[in-house]
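Here are my notes from going through this one.

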Amino acid sequence: MGQRGTPVRTTDRDPLRTLSAVHGGTQSRRHRVLSRSIRALMLAAALVAGVLTAAPAQAAAPAAINLLSSSCPTDIVQGQTSGCVTELQNLLNAHGANITVDGNFGANTLSAVKSFQASAAIGVDGRVGPITKDKLYIFSGLYPAPVDLRSASCPSDVIRGQNSGCVVELQNLLRHYGFRVEVDGDFGPATEAAVRSFQSANGLGVDGRVGPQTKAALYNLDEGPSQGLGVDLRSSACPSNIVQGQSGLCVSTLQALLNGKGQNISVDGEFGANTAAAVRAFQSSAGIGVDGQVGPQTKTALYSGTSGVPAPINLTSSSCPTDIVKGQKSGCVTELQSLLNHHGASLAVDGDFGGLTDSAVRRFQADAGLSVDGRVGPNTKSALYGVVTPPSSPPPGGGSSAILRVAQAEADAGVREGSARANSYGQSVGLSLSTSGYAWCAVFVSWVAQQTGATDYRHSYVDHWVHAAQNGTHGLSVTTSPAPGDIVAFDWDGNGDFTGGNEHIGIVRTVSGGASFTTVEGNTHAEGSSAPDGVFVRNRSTNDGYNVLFIRVR
């Protein structure tokens, strides 16, 4: 099925690695032998050098404690005073909060937490729970940037004792599967124990070594790219008007910003009825036109009073330099980071062109066949704004009766993963990524739906299609009498949840009358072949030990 790993968002800030992640966590690390006196000297040096811009910690502040350790409560909330709060304040300041570090969770800390949650596109509630803790550390730049375990930059076997971006990626993946390891880039005993548990749970050889088989299993993630990466709604990475029915990064950021303005909705990247209602409520309270669409005026109101990330500026305007380079801080960089994330990068959008933005630029230049110099000049700008030309046929329209015809035409055309034609499917859900980098079967179905106008529903995750059908929304319903042109979802492990990296989706092509049927699917391989993925006709059955759910589109 070609599932891919979930990108991990990081930040460009390079604050000194002297937070409690260096000395106060539960894992044994060589860095933790630093004494508090050395840590104090290093923090003082950082402040003199301008690395940390926050107010210096007060002498009475409790010693910092790693937020992921058992010494900190599951949720850190206003009113608490502890070393956990000291650590929290240090981390917030590493993200530009500029609050006093005193170990006391007061009103200023609460405001900084909410501002961070909004910028990170997660639920804004002012409570520092597991998700917020993870984001604070992952985005902080305290550890090496994550490196894809399957790349040539990582050894064939990632093993205990190594310290690198490959280990950061490993730890992030393990946390995705529920293992509470610290993300610090250090392959210590806790990481090894998590690897062994993961191997045992997935029927792999249990040796604690992350070799090819373990890497493949780790990347057997959900059916779409990460939707937790931030973009600035005002940037060119988002539509001028964000409306109901859309999904993706722009929507998840919108939802987080709405929660920061007093709404209470799920941050799931799907612009449904609840999000539309929240938009209308916000527009009413802000005294702007109430239409449920997030256009320029609503975007401006959403960003009023948020932390000081510069508003994005189009890279080709006269307000941006010819070459945007490392070290610059401006709205041009905000725009750049939003565009890079739209193309699959993993950056915090903070308007600061640091080391990680430089790495993302170089990676984008290499992927786009440009000169790799880290400078965002005219050619790189053009590539960032480039739009993949969608297929010229078949023409849009036709409704549900055209679903199979449109899907079959893609199979007949021999569309292959990573081609311009396959990559264009992403525009249906707001993605401009290579299909070589994520599992795109649900994106293909979304594109077919868009081309035909059969339903206004679009989503890159299979379980969302299943839930929409089960709830009878968007003209979708569950059927037990499949017919050509229906949608079909698969759950390979047979537990019926259609999540966890074991799901797939396609279009019904023929039905035999018994258990067998054929499909047209994206993100699959030709029958009986190990050739690269693409759009192919497949033979399927309702009697092969996996769950099958048919979805009628009317």
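1. Glutamine 255 is buried, with a relative accessible area of 0% (buried is under 20% relative accessible area, exposed over 50%, partly exposed in between, with a 1.4 Å probe and protein chains only). Glutamine 255 sits in helix 9, residues 249–260 (helices are DSSP runs of H or I, at least four residues, strands are runs of E, at least two, and both are numbered from the N terminus). A polar atom of its side chain lies 3.0 Å from the backbone oxygen of glutamate 270. Leaving out residues up to four places away in sequence, glutamine 255 touches Ile265, Ser266, Val267, Asp268, Gly269, Glu270 and Thr275 (contact means heavy atoms within 4.5 Å).

2. A word on the source: this is a predicted model, where local features need pLDDT of at least 70 and side-chain atom pairs count only at pLDDT 80 or more, while totals for chains, interfaces and linings use all residues. Residues are numbered from 1 along each chain as its sequence is written, and side-chain values use heavy atoms, with hydrogens and water left out.

3. Now the largest nonpolar core: it has 41 residues, and Leu233, Ile242, Leu254, Ile324, Leu336 and Leu340 have the most contacts inside it (a nonpolar core is a set of buried Ala, Val, Leu, Ile, Met, Phe, Trp, Tyr and Cys residues joined through side-chain atoms within 4.5 Å). Helix 9 gives the most to this core, six residues. Domain 3 (246–303) and domain 4 (307–392) both contribute residues, so the core lies between them (domain bounds come from an automatic or database domain assignment).

4. What covers the buried residues of helix 13? Helix 12 (331–342) and helix 14 (378–385) are included in that cover. The buried residues themselves are Leu356, Thr357, Asp358, Ala360, Val361, Phe364 and Gln365. Just past the end of helix 13, glycine 369 takes a positive phi of about 75 degrees.

5. On to the rings: the whole structure has nine aromatic pairs (rings of Phe, Tyr and Trp, the last by its six-membered ring, pair if their centres lie within 6.5 Å; planes under 30 degrees apart are stacked, over 60 edge-to-face, the rest tilted). Tyrosine 457 and tryptophan 465 pair edge-to-face, 4.9 Å centre to centre with 90 degrees between the planes. Phenylalanine 490 and phenylalanine 517 are stacked, at 6.3 Å and 5 degrees.

Technical notes
A polar contact is a pair of N or O atoms within 3.5 Å; within protein, one must be able to donate a hydrogen and the other to accept it, and residues adjacent in sequence count only if both atoms are side-chain atoms.
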